[in-house]
Amino acid sequence: MASPNSPVRVRFAPSPTGMFHVGNARSLLYNWVLAKQSGGTMVLRIEDTDAERSKPEWVQGTIDAMAWLGAGPDEYEGPLFQSAYVQHHRDAIAKLLAAGQAYYCDCVRTQVVERTGSEHKGYDGYCRDRGLAAAPGSAVRFRTPDEGQTVVRDLVRGEPTFDNATIEDFVIARGDGSPVFLLANVVDDMVMGITHVIRAEEHLPNTPKQQLLWVALGHEPPVWAHAPILVNEKRQKLSKRRDRVALEDFRAEGYLPDAMRNYLMLLGWAPSGDREIVPWDDIVTEFRMADVNPSPAFFDVKKLRAFNGDYIRALSTEQFISACQPWLRGEYAPWRAEHYDDVAFAAVAPLAQTRVAVLSEIVAMVDFLFLPFPSIDEAAWKKAMTGEALALLTEVATAFEKVEWNAESLKRTVEELGAARGLKLGKAQAPVRVAVTGRTVGLPLFESLEVLGRSLTATRIRSAIDRLS
């Protein structure tokens with residue numbers, strides 16, 4: 001194990017081959033917290049040796065996603081690129097070959113199946129003692145010990161133990177000479193001085209092989225920690241083809257980074273005091289990898305949404321207004337930029353803040369303020385514009401011409417007109433709400449009318465009367 005006196009160096013090592021997975025985000029946070037707790041260093045290593053799938057935009061996407069979560073450039077060393085360490089990988093392969101701890105193999109899979117009689121058995125060691133030299137198409141295999149056990153000391157899982165006899169002589173370099181992930185990952189960690197490897201459980205089966213490589217190359221293995229996998233409501237491992245897993249999508253929908261960070265840290269770990277909403281500084285102080293539950297953790301989008309709503313409500317009004325701006329002024333806004341009104345939004349912001357769970361919902365809440373005419377929900381129209389609706393709207397339009405323009409007076413007017421027709425306020429205000437906002441649900445109606453103003457309110461009610469007529 002790494003020396004207890006060594007400065008802690010962890011690494012976050014994503015592959016730039018797609019969107020930023022929430023599982024990667026949790027691994028990042030675990031590594032980042034450990035580095036912050038110890039005064040150590042987190043290294044950002046981009047594992048870009050898959051040239052066909054790696055793209056510069058995904059590298060930038062990773063850096064942007066990390067910054068959104070709070071891990072900006074000042075929080076890590078790098079980015080370092082795995083492709084820059086190819087010579088180190090080749091040197092390690094040469095060292096293992098020279099020491100007799102690796103050998104060339106020209107077998108193809110069909111030959112192995114023919115010899116073993118099974119498609120499910122691993123490599124049978126056929127080329128171990130053939131003394132093959134380097135040749136086009138020949139892979140390099142690590143000579144796994146025939147006896148003994150490899151014990152992986154894991155902060156989360158205790159001491160998983162693997163019989164060496166069950167570990168096949170695995171490939172460390174392909175037929176074209178390029179190193180495989182197992183070896184490149186180990187060598188990179190050695191060169192970068194990594195003391196703790198914190199990653200997802202899916203890498204655990206690779207760990208005894210990697211630990212054997214650490215020892216064969218003359219280094220003490222790092223401290224291992226394998227966090228539980230994330231699963232969906234069916235207890236299936238999260239899949240980018242089936243589940244919502246891209247951090248960028250949650251960011252675009254209007255999740256707050258503090259909420260996302262808090263929620264991800266709770267997937268496998270619990271803070272003290274039966275709390276769930278926990279300040280980041282408290283998480284950094286309390287978190288311990290040894291307290292992480294090894295069982296699969298349910299990534300519950302509904303719960304994340306509830307978390308986000310709590311975080312939104314905890315913002316000051318000014319912070320909420322600022323956080324909403326990308327949806328009010330940017331590409332998401334369905335109105336022309338010049339139609340947006342800061343004063344009008346500030347007036348309804350406290351009402352909206354208690355009603356949105358993600359920031360993108362603000363658009364539907366306030367679009368009636370900034371669109372020339374409301375976007376009518378036809379289902380809402382059909383439901384509200386029945387029975388007494390036409391007569392009631394006609395009376396409301398007349399009354400609104402003279403009523404004092406404030407929420408209390410507007411409410412009293414609709415309530416009285418509705419009562420005269422045997423309607424409770426909820427039924428009486430429904431056609432007014434749909435006429436003015438286009439929907440049956442939204443911000444408190446009469447406060448909304450006060451902000452919208454007498455002229456626009458009258459225009460929309462008259463338009464609804466014309467349509468009903």
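At what angle do the axes of helix α3 and helix α5 cross, and within what distance do they come? I started there, keeping in mind that this is a predicted model.

**Entry: two helices.** I looked up α3 (residues 86–98) and α5 (residues 181–191), and their axes cross at roughly 105 degrees and come within 9 Å. Angles of 65 to 115 degrees count as roughly perpendicular, so I noted α3 and α5 as roughly perpendicular to each other. On the α3 side I found H88, H89, A92, I93 and L96, which meet L183, A184, V187, D188 and V191 of α5. Sorted by class, this contact has seven nonpolar, two polar and one charged residues.

**Entry: cores.** Next I checked the largest nonpolar core, which has 108 residues. F320, F345, I362 and V366 have the most contacts inside it. Helix α1 (residues 22–38) gives the most to this core, with nine residues. Another core of 29 residues lies apart from it, and I spotted V43, I93, V187 and I194 among its members. Back at I362, I listed its contacts beyond four places in sequence: F320, C324, W327, L328, F345, A352 and V356.

**Entry: rings.** I counted 15 aromatic pairs. In one of them, W32 and W280 have ring centres 5.2 Å apart and planes at 35 degrees, so I wrote the pair down as tilted. W32 sits in helix α1 and W280 in helix α9 (residues 280–286), so this pair ties together parts 248 residues apart in sequence. Both W32 and W280 are buried. I then looked at W327 and Y332, whose ring centres are 5.8 Å apart with planes at 20 degrees, so that pair is stacked. W327 counts as buried at 7% relative accessibility, while Y332 counts as partly exposed at 39%. Last, I noted one aromatic cluster formed by F250, Y255, Y263, F299 and F307.

Methods:
Residues are numbered from 1 along each chain as its sequence is written. This is a predicted model: local features need pLDDT of at least 70, side-chain atom pairs count only at pLDDT 80 or more; totals for chains, interfaces and linings use all residues. Side-chain values use heavy atoms; hydrogens and water are left out. A nonpolar core is a set of buried Ala, Val, Leu, Ile, Met, Phe, Trp, Tyr and Cys residues joined through side-chain atoms within 4.5 Å. Buried means under 20% relative accessible area, exposed over 50%, partly exposed in between (1.4 Å probe, protein chains only). Helices (H or I, at least four residues) and strands (E, at least two) are DSSP runs, numbered from the N terminus. Contact means heavy atoms within 4.5 Å. Axes are lines fitted to C-alpha atoms, for helices over the stretch in contact, and angles run from 0 to 180 degrees between N-to-C directions. Angles under 35 degrees count as roughly parallel, over 145 as roughly antiparallel, 65 to 115 as roughly perpendicular and the rest as oblique. Ala, Val, Leu, Ile, Met, Phe, Trp, Tyr, Cys and Pro count as nonpolar, Asp, Glu, Lys and Arg as charged, and the others, Gly among them, as polar. Rings of Phe, Tyr and Trp (its six-membered ring) pair if their centres lie within 6.5 Å; planes under 30 degrees apart count as stacked, over 60 as edge-to-face and the rest as tilted.
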